[in-house]
Amino acid sequence: MNILVSIKQVPDTKVIKVNPKTNTLDRSSAPAILNPYDAHAVQEAVRLKQKHGGKVIVLSMGPPQAANAIRKCVEIGADEGYLISDKKFAGADTLATSYALYKAIEKLEKEQGIDLVLCGKHAIDGDTGQVGPGIARRMGMPPLTNVINVESVDTDNKLIRVHRKIEEGHEVIESPLPCLLTVEKTINEVEYAPLPNMLRAARYEPYVWSVDDLEDVDIKQLGLKGSPTIVGTMWPPEKSSGAEMIEGSTDEQVSRLLEVMNDTQELLAVKGGDGA
Amino acid sequence: MSIEEYKDVWVFIEQREGEIFDVGLELLGAGRELADKLEVNLCGVLLGNNVKNSAEDLYAYGADIVYVIDDPVLENYRTETYMKAVGDLVRKYKPEIFIYGATSNGKDLASAVATEVMTGLTADTTMLDINLEKRLFEASRPAFGGNIMATILCKKHRPQMATVRPKVMKKPEADFSRTGKIIEEGLGLKEEDLQTKIIDIVKSAKKSVNLEESDIIVTAGKGIKDEKGMAMVKELADTLNADLGASRDVVEAGLIGHAHQVGQTGVTVTPKLYIVIGVSGAVQHTVGMQNSDVIIAINNDPEAAIFNVAHYGIVADAFEIVPKLTAELKKALDKEGVTTNG
Ligand SMILES: Cc1cc2nc3c(=O)[nH]c(=O)nc-3n(C[C@H](O)[C@H](O)[C@H](O)COP(=O)(O)OP(=O)(O)OC[C@H]3O[C@@H](n4cnc5c(N)ncnc54)[C@H](O)[C@@H]3O)c2cc1C
Ligand SMILES: Nc1ncnc2c1ncn2[C@@H]1O[C@H](COP(=O)(O)O)[C@@H](O)[C@H]1O
């Protein structure tokens, strides 16, 4: 069973800092990492490969540095990596991104056959979660989003059964293969890479494709040109009139706080009342 | 495609077993304002099995027209069926704007429809408006990384689509004197023709916390540092009989479960009292709590952005003030307890 995992390199939003004066991002403060959800997708693919055979192919669209994110996937256990990288892809929103990735997957599908596509639930830089379903629609595959468990794969009958998270619990869904899953972090634990994987990853060079390496591409659907959404204005969020600052020594601050909370008598009633 | 042909504001009305999710009603409230500005109809899109009876309830929340597809195949959400149903309606009736609740299924559907009809979609928006001069939908959301909001536009494609998280918009007062009309369509799909099958739906035991319903929330940010700080905040929360909230950084540090995360990728909360300790106030956090009745912020940095949304601010070291506050509250509540519990 050949499994393709679509992965993205993202800035680590946990450490990125905003300059409070200019309201701009200090990009140099943020190292680029493999989107955490995608790491779980690769791990799941490796797990499925160990059970059912085949190989794990990772694909990413991004600048040349994104090769590092692909290396990270090789550490987890991916067999091959492809990076589609071209100025013509730049500035893509989710619609144009899913188009470019679809064109690459179509080519890989023709060359080696793809039985399953995995994506992360979303990328932490934008949190949209739109690219996975977009790829699925273009490939004509059923998309199964928010997957928390792959219960079984029946390679003879080409069927997969997964658990999909919904607000009230989860659904058990069966779908024919090939299909596309987007995975939640709870689907697995990303394991520590074994040494041979680390060594292989350190030297690994992914295949790099430009637009010209893809077939039947409609240039108008790529990059900025192919993106229906554009960013209009950016502004700092509205400031309220500002807080009433409670000054003084710690003791004074505490007693004023108690006053504030006491004034809102209701609050203490909540506590004293039903206590549920 | 001529974009002038596209009119009306649509809201996707999500339901399960005939029960309509609140987020759909909240979005009718937001959609009503957009439709009034544009002087067009506000329409609900209601799909399901035996849901037609609920359609008329939507007038009360602002809908002028409700598009209904009632079919056993639509009993439970599946991308395959819902995407076809919504895609057909969009192609036939051409809405100018289409908003969806950012639930698991709402996001899934909106993403699929965006590709199906080839248009733009903005995820997790927190503010919606119209630029009347250019007749453009302005969908705004916190942008990447920090204290910035961005307005996303979709100039040349229709419908202009966005998802909005539950509780971000206010559910309007119901006005049962309002009337409207129902337009019913068919689906044209049979269960046998479908690829995906729902084998089972497993409802999990009630969530351990449901911050959306809490009256008092005490939230810990990265300023509380570690388990010890967390225990300190928990003691304050317990004293107040409050629920515990957390910033994303605290959740990612493994100090508490994701169900406690407040903000853009957590829950949106509206308690009577929100005490927030050691949270810097990034917009992704504040969009989830800024509508709380009373917000008290404790932070040792006088410049922290959290003070912009708080009603009361205290510049202090959490490790110094929180234990004292807890102790004093215990005293006060003991006295209080005699009168209120007696
Ligand atoms: C797409 C996306 C989605 C996101 N979604 C969410 C979300 O849903 N919820 C969320 O919370 N965040 C979310 N974030 C992250 C958000 O941008 C911030 O990074 C995060 O909220 C910061 O958490 P924090 O305030 O706890 O930590 P920090 O920003 O590190 O702030 C810690 C604060 O503690 C103060 N402090 C330090 N020591 C003390 C002390 N001894 N006493 C008192 N104060 C002290 C510091 O002055 C500082 O202000 C998201 C980010 C992105 C990019
Ligand atoms: N540039 C990209 N290259 C490869 N995969 C991507 C890219 N962008 C998004 N994806 C995939 O789509 C998922 C959702 O991304 P997003 O829609 O941006 O939140 C990610 O977890 C990846 O699996």
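These legends go with close-up views of two ligand sites in a predicted model. Local features need pLDDT of at least 70 and side-chain atom pairs 80 or more, while totals for chains, interfaces and linings use all residues; side-chain values use heavy atoms, without hydrogens and water. Residues are numbered from 1 along each chain as written, with chains lettered from A and ligands numbered from 1 in written order.

**View 1. Who sits around ligand 1.** Look for 30 residues here, each with a heavy atom within 4 Å of the ligand. A:Asp127, B:Lys222, B:Ser247, B:Thr265 and B:Ser280 are the closest. Since chains A and B both supply residues, the site is shared between chains.

**View 2. Polar contacts of ligand 1.** These are pairs of N or O atoms within 3.5 Å. B:Asn299 has a polar side-chain atom 2.8 Å from an oxygen atom of ligand 1, and a polar backbone atom of B:Ala318 is 2.9 Å from one of the ligand's nitrogen atoms. On its own, ligand 1 has 990 Å² of accessible area, and the protein covers 87% of it (Shrake-Rupley method, 1.4 Å probe).

**View 3. Who sits around ligand 2.** Of 18 residues around this ligand, the nearest are A:Ser6, A:Asp38, A:Ala123, A:Thr128 and A:Gly129.

**View 4. Backbone contacts of ligand 2.** Polar backbone atoms do the touching here: A:Ala123 is 2.8 Å and A:Val131 2.9 Å from an oxygen atom of ligand 2, while A:Ile7 is 3.3 Å from a nitrogen atom.

Definitions and conventions: Polar contact = N/O pair within 3.5 Å; in protein donor to acceptor, adjacent residues only side chain to side chain.
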